[in-house]
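Keep the sequence and structure open as you read.

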Amino acid sequence: MNRLPGLVAALALLTAGCSAPEEAPSPPATSAPVSAAPTPTFTDVSRGDTESVVKLLKYDRQALAVVVEPTVFLDGTSFCTAFRIPGTDPRCERDWVTEDSKIKVTLPLGTRAKLLTVRGGDPDGVLVRLTTEDGTATRIAEVYLP
Amino acid sequence: MGTVFLAEDERSGRLVAVKAIRPEFADEDEFRARFRSEVNRARQVPPFCTAEVLDADPEHTTPYLVVEFVDGPSLAEVVEEQGPLTAGNLHSVAIGVATALAAIHGAGVIHRDLKPRNVLFSLGTPKVIDFGIARAFEATSQHTRTDQMVGTVAYMAPERFDSDSRGVTAAADVFAWGAVVAYAGTGRTPFAADSPAATAARILTQPPEVSGLPEPLRDLVTLTLAKEPRDRPSAHELLEMLLSAGPQESLTLSQRPELRRAAEAAQHSGRHPTGGRRRGRTRTDQAGPPRRRLRWLPVAGLAAFAALALAGGGLYAMSTADTEAGPAAATRISVAPPAPRAVRGPGIVDRLDRPIQWTAHTMDTGGSCDFDREFVVTTGESNEVQCPGPTESFAGDQSIAVDVTVRRPGSCALVWFRFAGRSGYRLSACESLVRLDLEDDGADTTVTKVASGAFRAGHRERLRIDLRGQSATVTIGGTPALQAPITDPRLVAGQVLLGAATATAEGPAQVSFAAAEFRSL
């Protein structure tokens, strides 16, 4: 596995609210939501050009393939607003909250794709910011969550 | 599993129940070994709201088990005849069954088949029977797994529908406790549906229906019915929460001193780490966000429990690493929010042009599953090949879509669904027909078939199977091809698998698959 550890500063230091529902958790015009409900939607990373936070489930440099799980990644306030959760809910106070899609999507990995990890360890199961071009993963950066 | 005899101990005159195992199991060495192991552990379970295991002989020609005879009706019979239990009796059952689970788990045993028929009333006090036996059956053959599923699906935890449920932990018993108490208090199971398949789907994807239960018991039941095993409390934690709960629980315990004694004794019995819970790994530690702050609430008194009940929605017991070490670990729980909505079913999307979710595989018979821009399946000496792939178990409504190419004349592409163990539905897409079969442990029954030339050799076609309710609809290239019932009550959930078969005897078959999309609907 070819990794570029230690690039903490260069990583997507995602602040909460990077994908508030009104701003759409990303899908550009070329992609469609994987699931119709609820709002906000999960990004369909298998088509078009996208940028979103996903869970990296498998990374196989040799096979040039990754398996990711689209997620909704929001700050607590936005999460509660999006899902109409009462403000007294503890999640509303969190820095960030995820909602998993449970969909495992295989993507081809671009030959020049970069994997940027925080600590250089096994990235499987971590949240990453994924960039795709025409359904191919071109950039994967572990989300730094101090 | 066998025959139950009422017998009398000649020495004491005590009535006992002798459970003789069916002869077909007696010939299986693996069963005997497992039965021996489980019975030995079951005999260590203290008789706190459990039917005591008195004797057993796993080596006998007909292996048998002798347990305390409980002269009383089952919970199922009581509810069927008299309706849901009222407050006092309901809490008695809740505490009694939790006491039994604490005792059973404390001895390192998992019940695996807790249901209302396994809760008997002895002079008004509930006693749990048949613990530690189901595992012996599950470990051997497929003989009873499907039988058991028919009868107990409403009480089965989501993880038990996985293709390999042998990793099931004590948390599955805690889930069953929630379902049993919900049934006792409302007369219906919390995921009740029209069929076992629909029930399984609700268990896997929907929140429980527990609206008829009184507070704060309702919140506790909701907590134990969490989809994730690690989100459920252990039996000991559950019992402690019940013992320190609201006025009704206190009243129940004051009126039933024998129940209080048993509960307190079980509370202090062994605490084997049999649970698959999130010890040292909380929900949020694993995959979710870090909590900004934890709100710990002592559960030592009524006020604390009332606070939990008022917190609204589901409660999730949360352990953290720093609470593991001391006895205080089980005396504090924190409040986490309810799920925003129904739990989603799984989905799989794969172009099938490279290995990762599916892998290349060569069989001893010469058959293979390999990648050549598509997923190519070739039969060897055997007539049929089934390729390993994702192990996700789907239940309920589902769509299966994949591009199919019959590469060699006389070949059929195979798609199995709701496949578990050695049984499931199998769709064959052949050159001249499309056929749906029910495959049951090697025995095939054709459900329906239609003539179709859509899958002529060398032609790539989109195959889609929609499973809705008890009906499967197959479309080819967007055109409906057949519709068939899928009503076998045993096939409620399972994997989707790909493979190939020979339709004629003209050499190995070869088909290929591409662009797979399996989705829960």
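**Backbone and helix notes**

Pro216(B) sits in the loop between α8 (196-205) and α9 (217-224) of chain B; helices (H or I, at least four residues) and strands (E, at least two) are DSSP runs, numbered from the N terminus. This is a predicted model, where local features need pLDDT of at least 70, side-chain atom pairs count only at pLDDT 80 or more, and totals for chains, interfaces and linings use all residues. Residues are numbered from 1 along each chain as its sequence is written, while chains are lettered from A and ligands numbered from 1 in the order in which they are written.

**Backbone**
- Most residues other than glycine have a negative phi, and most peptide bonds are trans.
- Glu215(B) and Pro216(B) are joined by a cis peptide bond, with omega about 0 degrees.
- Asp134(A), in the loop between β5 (127-133) and β6 (136-142) of chain A, has a positive phi near 50 degrees.
- Asp134(A) is exposed, with 12 other C-beta atoms within 10 Å (exposed means 12 or fewer, buried 20 or more, partly exposed in between, with C-beta atoms placed from the backbone).
- Arg112(B), in the loop between α4 (87-106) and β5 (119-122) of chain B, has a positive phi near 75 degrees.
- Arg112(B) is buried, with 25 other C-beta atoms within 10 Å.

**Helix pairing**
- The axes of α4(B) and α10(B) (residues 235-243) come within 8 Å and cross at roughly 150 degrees; axes are lines fitted to C-alpha atoms, for helices over the stretch in contact, and angles run from 0 to 180 degrees between N-to-C directions.
- α4(B) and α10(B) are therefore roughly antiparallel to each other (over 145 degrees).

Definitions and conventions. Parallel < 35°, antiparallel > 145°, perpendicular 65-115°, else oblique.
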